[in-house]
Every structure is written in C-alpha cells, then in structure tokens.
Amino acid sequence: MSTESGAPGRPVLADLAVGDVVGTRTVDVGRARLVRYAGASGDFNPIHWNDAFAAEVGLPGVIAHGMFTMGAAVALVEDWAGDPGAVVDYQTRFTRPVPVPNPGVATLEVTGTVGAIDAEAGTVRVDLTVTFEGARVLGKSQAVVRL
C-alpha cells in the first residue's frame with residue numbers, strides 16, 4: 001500500500017523553485033511483496049526470503065531488494081512528472097538495508113524535493129530522501145526529469 005500527496009497533473013518548469021517538495025509517499029514492504037519482486041526480477045538471493053541465511057551472513061533478518069527500494073522511491077518522481085519516460089537519469093547509493101519483519105511490514109518514507117533547475121535544458125533534478133525508521137536507506141538519490 002502506498003499513500004502520497006503532491007501536485008496533480010504535469011509540472012511546469014517555470015512554476016518550480018529549488019526547495020519545492022514535489023511529493024511524499026509511504027511504501028509498505030511485506031514478505032509477499034519481496035516474493036513477487038524476486039519473481040519479476042529474477043533475484044532469488046536467500047537474503048531476501050530466508051531469515052536463517054540472512055542472519056548467517058550478518059544481516060538483521062530478511063532484507064528488501066535494493067533495486068526494489070530504488071524503484072519504489074523513483075515511482076514518486078514518475079507519478080509527479082506524469083510520465084515515467086520523463087525521468088532521464090536516476091542515481092542513488094544504497095546506505096542501509098531495509099529489514100522486513102515476518103509478520104508485518106517495513107514502511108519506507110519517501111520525499112522528493114527540487115534540488116536544481118536547468119531552464120536551458122528543460123530539466124529539474126529531484127532529490128529523494130528515503131528513510132526507514134528515521135534512518136536514510138538511500139543516499140544521494142537523485143532523478144533528473146525533462147519537463
């Protein structure tokens with residue numbers, strides 16, 4: 001389940017300013033979602049489904065796929081832009097794992113903020129803050145959007 005707030009419709013470059021919040025979203029990640037993602041991505045690493053294995057390699061338990069977390073975060077930008085194809089560049093660093101309890105969910109908090117505007121290129125850089133339990137799980141998470 002996701003919840004969000006943000007401006008409806010396609011954004012207009014001239015109406016944006018550095019520091020504007022483009023939206024917020026929460027993403028609940030449960031074990032069933034990890035199983036579906038593993039099937040879609042082909043990433044069946046046991047750290048994403050086997051508690052004993054995850055503990056053996058020093059993790060706090062089963063963790064969400066990094067690429068899942070990355071994709072869930074940029075979805076906020078895609079929705080704000082009104083077109084996933086408008087995202088012309090996306091980069092991030094994985095800084096912390098997201099442990100997913102069983103039973104229960106891990107809740108990611110995502111906020112997108114305008115970090116830079118290039119009027120000549122017609123692009124805006126959206127900086128994403130992605131946290132779990134108050135700690136950042138993605139670092140330097142930035143999406144460039146052509147408007």
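A residue is called buried when its relative accessible area is under 20%, exposed when it is over 50%, and partly exposed in between (1.4 Å probe, protein chains only). By this rule, buried residues make up 39% of the 147 residues in the protein chain. The model is predicted, so to speak of local features a pLDDT of at least 70 is needed, side-chain atom pairs count only at pLDDT 80 or more, and totals for chains, interfaces and linings use all residues. Residues are numbered from 1 along each chain as its sequence is written, and side-chain values use heavy atoms, with hydrogens and water left out.

The protein chain holds three helices and six strands, where helices (H or I, at least four residues) and strands (E, at least two) are DSSP runs numbered from the N terminus. Read from the N terminus, the order of elements is β-β-α-α-α-β-β-β-β. The C-alpha trace spans about 50 × 25 × 25 Å along its principal axes.

We can now look inside. A nonpolar core is a set of buried Ala, Val, Leu, Ile, Met, Phe, Trp, Tyr and Cys residues joined through side-chain atoms within 4.5 Å. The largest such core has 35 residues, and Val29, Val77, Trp80, Tyr90, Leu128 and Val145 touch the most other members. At least two residues of this core come from each of β2 (21-30), α3 (66-81), β3 (87-94), β4 (105-118), β5 (123-132) and β6 (135-146). Helix α3 gives the most, with nine residues.

Trp80 lies in helix α3 and is buried, with a relative accessible area of 6%. Beyond its neighbours within four places in sequence, Trp80 is in contact with Gly9, Pro11, Leu16, Val22, Val124, Val126, Val145 and Leu147. Leu128, not counting residues up to four places away in sequence, touches residues including Ala73, Val77, Tyr90, Val110 and Ser141.

Aromatic rings come next. Rings of Phe, Tyr and Trp (its six-membered ring) pair if their centres lie within 6.5 Å; planes under 30 degrees apart count as stacked, over 60 as edge-to-face and the rest as tilted. The count comes to one aromatic pair. The ring centres of Tyr37 and Phe68 are 5.6 Å apart and their planes stand at 75°, so this pair is edge-to-face. The pair links distant parts of the chain, with Tyr37 in helix α1 (residues 31-41) and Phe68 in helix α3, 31 residues apart. Tyr37 is partly exposed, at a relative accessible area of 22%, whereas Phe68 is buried, at 11%.

Conventions: Contact = heavy atoms within 4.5 Å.
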